[in-house]
Amino acid sequence: MENYSLPQGSYFLGFDSSTQSLKATVLDASLNIVAKEIVNFDSGLPHYKTKDGVLRDPSVNGRIVSPTIMWVEALDLILHRLQESNFDFGKVVAVSGSGQQHGSVYWKNGSSEILSSLDPKKTMVSQLGDAFSVKESPIWMDSSTTEQCKAIEKAVGGALELSKLTGSRAYERFTGPQIRRIFETQTEAYENTERISLVSSFMASLLIGSYACIDQTDGAGMNLMDIKERDWSKTVLEVTAPGLEKKLGKLVPAYAVAGSIAPYFVERYHFDKNCLIVQWSGDNPNSLAGLTLNSPGDLAISLGTSDTVFGITAEHKPCLEGHVFPNPVDIKGYMVMLCYKNGSLTREDIRNKCADKSWDVFNSFLQQTQPLNVGKLGFYYKDHEITPPLPVGYHRYVLENFNENTLDGVKEREVTEFDAASEVRALVEGQFLSMRAHAERFGMPSPPKRIIATGGASANNSILGSAASIFGCDVYKIESSDSASMGAALRAAHGWLCNKKGNFVPISCMYMDKLQTTSLKCTLAVAAGDEGLTSKYGLLMKKRAEIENGLVLKLGRM
Ligand code: ADP
Ligand code: XUL
């Protein structure tokens, strides 16, 4: 039998450059966590003055950016912290990472030389300050590109046509529309750009000391890649911005090796010079790897800054909602995903307003109130929402003469407020009812075989309890809620193995039947519970979807 074991004594390092922080997780050859580290952008790097890792531009509606150089300094700092904790970088045989999806970095003409000749006696931040033609990277929360989205969809023959081609209709945060806006509003900076990276390929570039390729999975979040061919779509490139292909470089699979670690890190941190940098990918694809999602009946729910729902599928059915990406750990098949902008930051907002800024009080409100909330339904958009596209605003409704067993023809009445406890329940139930409705519409399994939850808020079992009742299935968790950096470490090992074998090997070869003895093991967090309640939620979900459609007709972008 073929040997797929990893070298004893070796380490695999995974990063996650996300909205609010840079995290690191290290796995050993038995796939157990041996080290973790985090740099929170707001508190660890306060001089960038970010709030929740981002800068909101008050002068341009929907413009949300992060300082590119902050991500560089975060890498300096996290490596420094690992070094201070006596972490042995020499044992790391492969590194990979995950980046918040869609965000883009603009390297100024001539920067590849700076990148390839960094002085190991100095920090990266002190040497790369002048390397970017656009200093503030547009990120996934940005919604300032509606005009560009419309123009791109129109130029290729409509929204569904773009979805057929690239896996998604045009979305404001997707990198193609973002690049087009940079071209239109900062033409000189665009002309002065020699390379455009995603957050994922940007961080990989720092580690190899030259421009890393974009991987096909994260590349699918750009509205620029032909989803079937897994290569740039000439048609969409042409209608997005001039001279774009040259600035983007090539696309490669997520399991490919980007290069060996740059001498800078060998000298400064004593990495082994043969340490491989495996392609970085998006945070959601890495979470899919970290949660070891391998069956079409499994549904993953990530409750991070954004909330996402994803699963795997064999086919690509073009749709006006949700996204299709190549499966990051397979050579065939797809990952399907829905993304909500109003995730943790909106839960925090309601917690702060209604629950004394305390998750304990928030949870006690969930316990005190009845499932179904006696027909009180809420829609909470602290930020412009993605699923469905709706502007900022909070909307609350009470269903008249609420009878949980039949909602046929029932009318809703809009109200301006709920009591604090009902508000908390309306928020949490609303988020999961929306996920269930959109997931069903998008063709995801219903009911799912099981849900695997991750992201910061998956630490909260009261929140997960609502997900279990609404979806009607058991909810599992893995040991660490940081599935993106964990998945990145696992993909580092996978990329290392594929490189050693000289061809792609299925990722499951690395753990076979031993998964439950590793840090990737799944454990039950909350059981499904009462089937009757799930069917009642089914009725409420339909009513809620009807109200949501009304909001889209009244306020949304069609
Ligand atoms: P990122 O998208 O930056 O990777 P994380 O997955 O680290 O985000 O999640 C961070 C969020 O987790 C915070 O904004 C916070 O609201 C949320 N969070 C942390 N602990 C809890 C908890 N006990 N209950 C609900 N939410 C929580
Ligand atoms: C996915 C998306 C978000 C970011 C968050 O499409 O926009 O989940 O990846 O980091």
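1. R230 is buried, with a relative accessible area of 15%, where buried means under 20% relative accessible area, exposed over 50% and partly exposed in between, using a 1.4 Å probe and protein chains only. The phi angle of R230 is near 55°, a positive value in a residue other than glycine, and R230 is placed in the loop between β12 (225-226) and β13 (231-232). Helices (H or I, at least four residues) and strands (E, at least two) are DSSP runs, numbered from the N terminus.

2. The model is a predicted one, in which local features need pLDDT of at least 70 and side-chain atom pairs count only at pLDDT 80 or more, while totals for chains, interfaces and linings use all residues. Residues are numbered from 1 along each chain as its sequence is written, chains are lettered from A and ligands numbered from 1 in the order in which they are written, and side-chain values use heavy atoms, with hydrogens and water left out.

3. T292 also has a positive phi, of about 45°, although it is not a glycine. T292 lies in the loop between α13 (283-290) and β18 (298-303), and at 5% relative accessibility T292 counts as buried.

4. Two cis peptide bonds deserve a look. One joins T387 and P388, with omega about -10°, and P388 is found in the loop between β22 (376-381) and β23 (393-399). Another joins S446 and P447, with omega about -10°, and P447 lies in the loop between α16 (420-441) and β25 (450-454).

5. How many disulfides are there? The count comes to zero, a disulfide being a pair of cysteine sulfur atoms within 2.5 Å. For C149, the closest cysteine sulfur, in C339, is 14 Å away, too far for a bond; C213 is in no disulfide either, since the nearest cysteine sulfur, that of C498, is 16 Å away.

6. C149 is buried, at 0% relative accessibility, and C149 is among the residues of α4 that meet α6: Q148, C149, A151 and I152 in α4 meet G176, P177, R180, R181 and E184 in α6, where contact means heavy atoms within 4.5 Å.

7. S210 is placed in the loop between α8 (199-208) and β11 (214-215), and at 34% relative accessibility S210 counts as partly exposed. S210 and S116 are 94 residues apart in sequence, yet 5.7 Å apart in space, C-alpha to C-alpha. Not counting residues up to four places away in sequence, S210 touches L115 and S205.
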